[in-house]
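Have a look at the model first.

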Amino acid sequence: MRYFSILIICLLLSCKSETKKRIPLEKHNPYTEIEQNIENDTAISLYYGGLEKYKKMEYDSAMIYFQSSLKFEQNPITYNELGSTSATQRKYEQALEYFIKGRELDPTYWPNYINESRTYLTLAQFDKGKEILNIMIQNCDSDYWTSYANFYLALMYFNDGSDCSKVKELLEKSKSMKSDSDLKMQYDNFYEKYENNCG
């Protein structure tokens, strides 16, 4: 009986490991490739308070929390959230100011570049978006973030209608996004749009 129990446990463990092998995509955590943290406890608490308000779509309250957090600790993470919240409210010029302040404070916090470029894309200011993404690509040594930047650069070139071959080249450079469960659909949807219009 004891050997039978051991056999069942071994079979269950074997099935479990087989299930893991069949999962095709990983959920990548991009923040594992970011060194920045918020250190001050009060700043952290206010930052998370802002995130909770943002999730509830209470954007004005979220802004107050994020701005209060900055009073205890200046950091690019909170500037990025202020920019993202402002962009959600369609206050694009204000959003850009926050992303730029975040980059000036720490030029290696990559989400500020991505979100700033996304705002330029929304405003159809493609040259500014391309410029900021190229600066990021030149200075970033993270494959994840470089791939993400190349993807947004492809969006810039596609939307300004300038160069289908450049879009294809940039999509090739960003295809590692397809292995990320959170980004695959975004990549595939744009790739299909590219093929329908450029292919």
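Ten helices and zero strands: that's what the protein chain has in this predicted model. Reading from the N terminus, the order is simply α-α-α-α-α-α-α-α-α-α.

How much of the chain is buried? Of the 199 residues in the protein chain, 41% are buried. As for who touches whom, take the contacts with a separation of 6 or more: 55% of them are between residues 24 or more positions apart.

| Helix pair | Axis distance | Crossing angle |
|---|---|---|
| H4 (residues 76-88) and H5 | 7 Å | about 165 degrees |
| H5 (residues 92-105) and H6 (residues 110-122) | within 9 Å | roughly 155 degrees |

Start with H4 and H5, whose axes meet at about 165 degrees. That angle makes H4 roughly antiparallel to H5, and the crossing is left-handed. On the H4 side, the contact is made by Pro76, Tyr79, Asn80, Leu82, Gly83, Ser84, Ser86 and Ala87, while H5 brings Tyr92, Gln94, Ala95, Tyr98, Phe99, Lys101, Gly102 and Leu105. Sorted by class, this contact of H4 with H5 has nine nonpolar, six polar and one charged residues.

Next, H5 and H6, which cross at roughly 155 degrees. The two are therefore roughly antiparallel to each other, since angles over 145 degrees count that way. H5 and H6 also cross in a left-handed manner. Here H5 uses Tyr92, Leu96, Phe99, Ile100, Gly102 and Arg103, and H6 answers with Asn112, Tyr113, Asn115, Glu116, Thr119, Tyr120 and Thr122. The class count for the contact of H5 with H6 is six nonpolar, five polar and two charged residues.

One loop residue is worth a stop too. Asn75 sits in the loop between helix H3 (59-72) and H4. Is Asn75 buried or exposed? Its relative accessibility is 3%, so Asn75 counts as buried, the cut-off for that being under 20%. Which residues does Asn75 touch, leaving aside neighbours within four places in sequence? They are Ile38, Leu70 and Leu105. Leu105 also turns up on the H5 side of the contact with H4. Finally, the C-alpha atoms of Asn75 and Gln36 are separated by 8.3 Å, although the two residues are 39 residues apart along the chain.

Note on methods: Residues numbered from 1 in each chain as written. Predicted model: local features only at pLDDT ≥ 70, side-chain atom pairs only at ≥ 80, totals over all residues. Heavy atoms only, no water. Helix = DSSP H or I, 4+ residues; strand = E, 2+ residues; numbered from the N terminus. Buried < 20%, exposed > 50% of the residue type's maximum accessible area, 1.4 Å probe, protein only. Contact = heavy atoms within 4.5 Å. Axes fitted to C-alpha atoms, helices over the stretch in contact; angles between N-to-C directions. Parallel < 35°, antiparallel > 145°, perpendicular 65-115°, else oblique. Left-handed = near helix turned anticlockwise from the far one by under 90°. Nonpolar A, V, L, I, M, F, W, Y, C, P; charged D, E, K, R; others polar.
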